[in-house]
Amino acid sequence: MKRPGSFPWRLYRWFVVKQVFWSAVLFLALSLIVGLTSDSFWLVFFSFGLAFLSVITISLLMARRLLLPLGRLIERTRRMRKNPFDEEEVTPEAMAFDEPGEWYELERALNRLGRDLRTKTIRLSREKTELRAIMSAVSEAVFAISRDRRILFFNPQFTDLFGEVPDPGETRMSEVLRSPDVVEAYTEVLKTGLPIRREVIEEVGADRTPRNFLLSLAPLAKKHNGEIYGAVGIFHDITEMKAAERIRIEFVGNVSHELRTPLTTINGYLQTLESDMKQGRMDHAQEFLKIISDNVKRLRVLVDDLLDLSALESGKDLKFEIIRLQDITESVMSQVNVSNHKVHVVYEVDQMQGDPKRIEQVLRNLMENAVRYVPEGKDIEVRWVAGPDGKTELHVKDNGPGILPKHQPRLFERFYRVDEGRARKEGGTGIGLSLVKHIVQRHGGQVHVKSQVGQGSEFICEFPKLPH
Ligand code: ADP
């Protein structure tokens, strides 16, 4: 179909047909009435004919003149719709001031409308751009649905977490988010129209790993009548925070437990000692004081270990320097009672870079464990080895009882003990290997254990070559 041009031909055609038709009817009727009652019929007929022709011509010309601006206005409206940002379309200069009366008013009104439309379109498009930028910049996943649970919009972080959404307009929320808690939370907001916050667990990634989220939901309401048309949710990943909180709670529980045992013993013996003294009995005093003193020592060791651990975890700086390995090994041998074991020391390297106090602490902890858990008379071997890529390795090997495979991955956790009762009786705090792990890691290295039950254990610390 051919598009109408800028002149409103249809309206003009309609006007012409009507004008000619009714003029002809009027002309014939008048001619007949006047002509039949007059003697000079043809004279009247021609005069009327001439008069009507002149009227028709004038009125058609006037109509054309009147309709011309309408065509122009139609054309301009079309252009405004097509190019809402084009300022030229809506400036007052673009108006034709010579148009008669109301045309001028209409054109002015149209121009104002166009200007408003332009300002609103620009504002809306700017807001959209800003919103998109914010949505992509936030680290949280954003996801919105409509009342019928279809997807409205989401940000790239959402697809990073929950995977691609194939056909957003058509996909239902339940095809992307599976947790009933999440679905229920969205449903509640759609129903009540009130914002809510919930802790939820949702599976993410191809392997569907569960993660903890703090989900903040808000309703989407139409501005003019407040009708709720959807809900938008922000998924704040709190998995690490939750894990840290769990570890902290466990840690506080463990520390309290570790402190309570020696404190209960000290308290009990002090009370007994007090009542003995009141009765003038001092025969067991020496023995009780020894027990109290041992437990105070145990408390000190525990508190020292905890302070060490906290210093290492809070990232306190280490003092790196060249360490002579023989010096620190001999120092450890003089501090740990190794007289009941056969100890061999091998130096394949004689120096490394690190914090001497901390490296000494690593060796001391490993040696204390070996002496503690390996029966008397057995072998303990300390080897300083030159590893690949300039690494220095410390191997502490014994032929003691060994450790079951199920315990091995957890040995380096704080307060983890294979045999709780025995380890505590032997004076262990349960923090030794966790300190070893932290120190080695702060040197950029790693620690692992090789062990077979009945054949012994070997703890290996790898220290990478540090840049100078
Ligand atoms: P603890 O202070 O109890 O020794 P650690 O963190 O040093 O704590 O060690 C954790 C556990 O690992 C110990 O309780 C012990 O059961 C086991 N372990 C450590 N070293 C050895 C070893 N050389 N042989 C056998 N078991 C060991």
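**Cores and aromatic contacts**

The charged end of Arg64 sits over the ring of Phe7, 5.6 Å from the ring centre (CZ of Arg or NZ of Lys within 6 Å of the centre and within 35 degrees of the ring normal). This is a predicted model: local features need pLDDT of at least 70, side-chain atom pairs count only at pLDDT 80 or more, and totals for chains, interfaces and linings use all residues. Residues are numbered from 1 along each chain as its sequence is written, and side-chain values use heavy atoms, leaving out hydrogens and water.

**Charge over ring**
- Arg414 also places its charged end over a ring, that of Phe251, 4.4 Å from the centre.

**Aromatic pairs**
- The count comes to 21 aromatic pairs (ring centres of Phe, Tyr or the six-membered ring of Trp within 6.5 Å; planes under 30 degrees apart are stacked, over 60 edge-to-face, the rest tilted).
- Phe27 and Phe45 make a tilted pair, 5.1 Å centre to centre with 50° between the planes.
- Phe27 is buried at 15% relative accessible area, whereas Phe45 is partly exposed at 23% (buried is under 20%, exposed over 50%, partly exposed in between; 1.4 Å probe, protein chains only).

**Nonpolar cores**
- The largest nonpolar core has 42 residues; Leu366, Met367, Trp384, Leu394 and Cys461 touch the most other members (a core is a set of buried Ala, Val, Leu, Ile, Met, Phe, Trp, Tyr and Cys joined through side-chain atoms within 4.5 Å).
- A second, separate core of 24 residues includes Tyr186, Leu190, Val204 and Ile228.
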